[in-house]
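Please read the numbered points alongside the structure.

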Amino acid sequence: MKREVLLKIYEAAVTRAHPRECLPPHLPKPPAQGRLLIFAAGKAAGSMAEAAEAFYLDQHKVSPERIAGISVARHGYGKKLRVIEMVEAGHPVPDAEGIAAAERTLQLAGSATESDIALVLMSGGASANWIAPAQGISLDDKRELTRALLRSGANIVEMNCVRKHLSRIKGGRLAQALAPARIITLAISDVP
């Protein structure tokens, strides 16, 4: 009996934490003019982008031409999306797909205008999926660094601190690329 009750409580909690349940109440209204740029990264990126698409395309009837975006999740965690590009990339060790996705993210971010809303959807694993090495750092360098950090026993906060200093997308750099758009970040993660 106890097991059944605990299982029901667990299933209810997981259901409520799923992006399709918890994300829509926090999504902003679509912009009156301009585009809705949606960027998602992490293990729940596909589910978060899927929930955002349903919210804007189905509920708010936003024209697909006014929505652009890219979602990058760990291999095996992708979703079939309607408008937003879905990419599966390496986690925890980065790969070429993560670099390509981050480059396309930065390129799209650089096209943002003050009429646009940029919605950044983050979940656990985002720092491993968005790989944009700083000048002079290669993918092999990033891979070796990640492996060394994993071997060292560094926790995720410590790993992210190192990662942001070696990146063109982390540490506020995506926000800089998105200026002057209005930026809204929503996160579902166990990492602050």
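1. The largest pocket holds about 740 Å³ of space. A pocket here is an open set of points on a 1 Å grid over the protein atoms alone, where a 1.4 Å probe fits, with protein on both sides within 12 Å along at least five of seven lines; lining residues have an atom within 4 Å of a point. The volume is the space filled by probe spheres set on the points, which are joined across faces, edges and corners.

2. This is a predicted model, in which local features need pLDDT of at least 70 and side-chain atom pairs pLDDT 80 or more, while totals for chains, interfaces and linings use all residues. Residues are numbered from 1 along each chain as its sequence is written, and side-chain values use heavy atoms, without hydrogens and water.

3. The lining of the largest pocket comprises 35 residues, with Met122, Ala126, Ser127, Asn160 and Lys170 nearest its centre. Helix 7 gives the most to this lining, seven residues (helices are DSSP runs of H or I, at least four residues, and strands runs of E, at least two, numbered from the N terminus).

4. The largest nonpolar core has 24 residues, and Leu27, Ile38, Tyr56, Leu119 and Leu121 have the most contacts inside it. Such a core is a set of buried Ala, Val, Leu, Ile, Met, Phe, Trp, Tyr and Cys residues joined through side-chain atoms within 4.5 Å, buried meaning under 20% relative accessible area with a 1.4 Å probe, protein chains only. Helix 3 supplies the largest share of this core, eight residues.

5. Tyr56 is buried, with a relative accessible area of 0%.

Technical notes. Buried < 20%, exposed > 50% of the residue type's maximum accessible area, 1.4 Å probe, protein only.
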